[in-house]
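Please look over the model below before reading my points.

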Amino acid sequence: MPRRSLCFASFAPRNDIRYIMKVPIEISARHVHLSKPDLDKLFGVGFELKKYKDLSQPGQFAAEETVKLVGPRGEVDGVRILGPCRKETQVEVSETEARALGVNPPVRDSGNLDGTPGAKLVGPKGEVILKQGVILALRHIHIDPETAAELKIKNYDRVKVDTSGMRDLLFENVLVRVSPDFRLTMHIDTDEANAAGIDGENHEGEIIIP
């Protein structure tokens with residue numbers, strides 16, 4: 001992996017120095033990660049997801065298959081499944097979508113599902129009633145250990161990211177996730193992207209670390 005150079009800048013009126021590094025920003029639209037048992041219930045026993053496209057993180061992909069998400073107040077059709085299967089089913093939506101569904105999910109890191117609300121998933125072969133699993137994904141950065149070491153940050157640290165969208169927002173409380181399997185990328189949901197005027201690919205922000 002090529003090494004990324006760091007630059008330094010000072011921000012008036014403060015006199016402290018902050019490290020800066022560019023980070024690609026991707027919009028994480030509503031999606032679902034399915035467990036294998038739930039995939040079997042929705043699409044039939046032994047069903048295998050068909051890859052639609054690879055995602056930025058190695059080994060992860062968007063599947064051709066979608067499901068319907070049903071809440072107490074409304075429903076959302078065409079919710080994309082991301083693969084591969086996980087240990088526990090997880091649904092990620094925006095605040096706008098949560099209100100339309102009639103659920104009140106907390107802002108959580110991926111995989112932290114205790115105490116989250118559930119919903120119903122509808123597939124071509126069956127339904128799954130989730131007791132928990134719906135979250136608003138905490139904005140986060142995927143980063144490899146080498147780059148994290150350059151920035152002097154570690155897994156589960158929090159940083160700030162200044163966006164380069166039309167509305168140029170400063171996102172605070174951005175979770176850092178470090179793994180040798182990760183590529184440097186920031187993920188925000190559709191509500192956050194709309195607020196920052198980010199509407200597609202090739203957007204970058206700057207990681208700011210005090």
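1. K152 is exposed, with a relative accessible area of 62%. Here exposed means over 50% relative accessible area, buried under 20%, and partly exposed in between, with a 1.4 Å probe and protein chains only. K152 sits in the loop between α3 (145-151) and β13. Its phi is positive, near 60°, and K152 is not a glycine. Helices (H or I, at least four residues) and strands (E, at least two) are DSSP runs numbered from the N terminus.

2. A word on the source. This is a predicted model, where local features need pLDDT of at least 70 and side-chain atom pairs count only at pLDDT 80 or more, while totals for chains, interfaces and linings use all residues. Residues are numbered from 1 along each chain as its sequence is written, and side-chain values use heavy atoms, without hydrogens and water.

3. Which other residue in the loop between α3 and β13 deserves a look? Y156 is in that loop. Y156 also has a positive phi, about 75°, without being a glycine. Y156 is partly exposed, at 46% relative accessible area. Why point these out? Most residues other than glycine have a negative phi, and most peptide bonds are trans.

4. Now check the peptide bond between G83 and P84. Cis or trans? The bond is cis, with omega about 5°. P84 lies in strand β6.

5. Helix α1 covers residues 36-43, and its buried residues are D38, L39, D40, L42 and F43. Their cover includes β3 (31-35), β5 (61-70), β6 (75-86), β9 (120-122) and β10 (127-129). After α1 comes G44, with a positive phi near 110°.

6. Is T163 buried or exposed? T163 counts as buried, at 4% relative accessibility. T163 belongs to strand β13 (residues 158-163). Leaving aside neighbours within four places in sequence, T163 is in contact with I25, D168, L169, F171, A196, I198, E204 and G205. Contact means heavy atoms within 4.5 Å.

7. N202 is exposed, with a relative accessible area of 78%. Find N202 in the loop between α4 (190-196) and β16. N202 and I25 are 177 residues apart in sequence, yet 7.5 Å apart in space, C-alpha to C-alpha.

8. Step back to the whole protein. There are 4 helices and 16 strands. The radius of gyration is 18 Å, close to the 17 Å that the globule rule gives for 210 residues, so the protein is as compact as a globular protein of that length. That radius is taken over C-alpha atoms, and the rule is 2.2 Å times the number of residues to the power 0.38. Along the principal axes, the C-alpha atoms fill a box of roughly 60 × 35 × 30 Å.

9. Of the 210 residues, 47% count as buried. Among contacts with a separation of 6 or more, 65% are between residues 24 or more positions apart. The protein exposes about 11200 Å², and carbon and sulfur atoms supply 50% of that area. Accessible areas come from the Shrake-Rupley method with a 1.4 Å probe; for residues, only the protein chains shown count as cover.

10. Next, the open space. The largest pocket holds about 1000 Å³. Its lining has 38 residues, of which E26, I27, S28, L55 and H187 lie nearest its centre. Elements giving two or more residues are β2 (17-27), β3, β4 (51-54), β6, β12 (140-143), β15 (185-188) and β16 (203-209). β2 gives the most, with 4 residues. A pocket is an open set of points on a 1 Å grid over the protein atoms alone, with protein on both sides within 12 Å along at least five of seven lines; a cavity is a set where a 1.4 Å probe fits but cannot get out; lining residues have an atom within 4 Å of a point. Grid points are joined across faces, edges and corners, and a volume is the space filled by probe spheres set on the points.

11. Finally, the closed space. How many cavities of 30 Å³ or more does the structure hold? There are 2. The largest has a volume of about 50 Å³, and residues including S28, H31, E92 and D189 line it.
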